[in-house]
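Me: I am new to this structure and should like to understand it step by step. Please show it first, and then let us proceed by question and answer.

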Amino acid sequence: MILAWIHDVVEAVQSCVSGMRTTGRFLVENLRGEGGAMSATREYPEQPAEVVGDRQRGHLVNDADRCIVCHACDTVCPVDCFKMDGERDGDNKMRASRFDIDLSKCIYCGLCVRACPTDSLSMTRTFEMDPQHEGKRFLFRRNSKQVDVRFDAPEMERLHALAAQPREALSAEDRAWLDARIDDRGQHLIGIYGLGFFTPEQKAEADAAREAKKKAKDAAAAAAKAKAAAAAAAAAPKPASVPAPAAGATPAAPAAPPAAPGAPPATKSGPDAASGGSPTP
Ligand code: SF4
Ligand code: SF4
C-alpha cells in the first residue's frame, strides 16, 4: 500500500518534470524570438493576423447582382439568418430587392455558400470582424428589430454611404438618423447587401417595360406563325384537273352500292344458280 503510494508520487513528479521541460524549451525559444511557438502565438490586436488559412471563413458577402432569390441559402441555414425579397425587373428577371444576413446569429458554418447555385454568396478570408474597420462597407449596425423593416432604395443607399464614413465625419443630422437605427440594448452586426426595393414609380416602370416586351414578343410570334402558314400554303402541290367528258358520250353507270352487313348475297344468274348453287368439287 505504502509502496504503491510512493510509486504514484514518483510518477507524478516525473510527469511534471517532463512537462515543465517542454514548457521551458518553448519559453526559451519565445524569449529568443525564434522557434515554432513564436510563429503560432501572436499578441492580437497589437500583432494583427498576417497569415490566414485558405479556408478561413471571414465575412459572409453576397454579390446581390448575381442572386436569383432562390432561397437555397435560406433553406439550409440552421439559424435562420436570411431575410430576402425579390422583384422582377423589366427583363422579367428576379432581382434581390432585399437581402439581409443577420450576422449576430450566423455561426459561420458555410452551408449557405455551398448551397448557392450562382456562387453569389461567398466568405472572405478577412480576419478583422470590426464593422468600422476600414474597407468593411458591407457591414453595418442595425437594430435587430429592423430586420423586419422594409428599407426603400434611397434609404439603403444612405445606409451604405454613411456606413462608409467614420462617425466623427458625419453631420449631426446623419448621426441622429443612424442612432435611430441602432438598438438601445446593444448593437447588432447585420450584413446589408440589398439593392433596395423598387419605389412605386420604379415598380410601375418595370411592370410597364415587362408588359411592353411581352406584347412585342407575342406580336412577333404571331407574325412569324402567319408567315410560316402562308409559306406552307404556297409550297403545297395543286390538285390535278379532271378532264371534261367528250360530247355525246354516255356517262358511266354509277357503281353498285356496297351490300349492307348481314344482307343475303346477291342472286347470281347462270348454271350455278340453276343447279341450286352447290359448290363445284
Ligand atoms: S454561414 Fe451563417 S448564414 Fe450561412 S448557413 Fe451558416 S449560419 Fe447560416
Ligand atoms: S442561394 Fe445564392 S442565389 Fe439563391 S437566394 Fe441565396 S444568395 Fe441568392
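Me: Which residue in the turn between β2 and β3 has a positive phi?
Reply: This is a predicted model, in which local features need pLDDT of at least 70 and side-chain atom pairs count only at pLDDT 80 or more, while totals for chains, interfaces and linings use all residues. Residues are numbered from 1 along each chain as its sequence is written, with chains lettered from A and ligands numbered from 1 in the order in which they are written. Strands (DSSP runs of E, at least two residues) and helices (runs of H or I, at least four) are numbered from the N terminus. β2 and β3 form a hairpin with 5 residues between them, and the turn residue with a positive phi, about 65 degrees, is Asn92.

Me: Which residues does Leu121 contact, leaving aside its neighbours within four places in sequence?
Reply: Two residues are in contact if their C-beta atoms, placed from the backbone, lie within 7 Å. Leu121 is one of the core residues that touch the most other members. Beyond its sequence neighbours, its contacts are Leu60, Asn62, Cys73, Cys112, Val113 and Cys116.

Me: Which residues come nearest to ligand 1?
Reply: A residue is near a molecule if its C-beta atom, placed from the backbone, lies within 6 Å of it. Ala, Val, Leu, Ile, Met, Phe, Trp, Tyr, Cys and Pro count as nonpolar, Asp, Glu, Lys and Arg as charged, and the others, Gly among them, as polar. By these classes the shell has 13 nonpolar, 1 polar and no charged residues. Of the 14 residues around ligand 1, those that come nearest are Cys77, Cys81, Cys106, Cys109 and Cys112.

Me: Which residues come nearest to ligand 2?
Reply: The shell around ligand 2 divides into 10 nonpolar, 4 polar and no charged residues. From the 14 residues around ligand 2, the nearest are Cys67, Cys70, Ala72, Cys73 and Cys116.

Me: What phi does His71 take?
Reply: His71 is placed in the loop between β1 (60-62) and α3 (72-76). Because 13 other C-beta atoms lie within 10 Å, His71 is partly exposed. Its phi is a positive value in a residue other than glycine, near 70 degrees.

Me: What phi does Tyr108 take?
Reply: Tyr108 is found in the loop between β3 and α4. Tyr108 counts as partly exposed because it has 14 C-beta neighbours inside 10 Å. Its phi is also positive in a residue other than glycine, near 55 degrees.

Me: How far apart are the end C-alpha atoms of helix α1?
Reply: The expected span of a helix is 1.5 Å times one less than its number of residues. The 31 residues of α1 (residues 2-32) should therefore span 45 Å, and the end C-alpha atoms agree, being apart by 45 Å.

Me: What is the count of buried residues in α7?
Reply: Helix α7 (residues 200-235) has its end C-alpha atoms 52 Å apart. The helix is hardly covered, and among its 36 residues the count of buried residues is 0.

Note on methods: Core = buried A, V, L, I, M, F, W, Y, C linked by C-beta atoms within 7 Å. Buried ≥ 20, exposed ≤ 12 C-beta atoms within 10 Å, placed from the backbone. Pairing = 2+ DSSP bridges.
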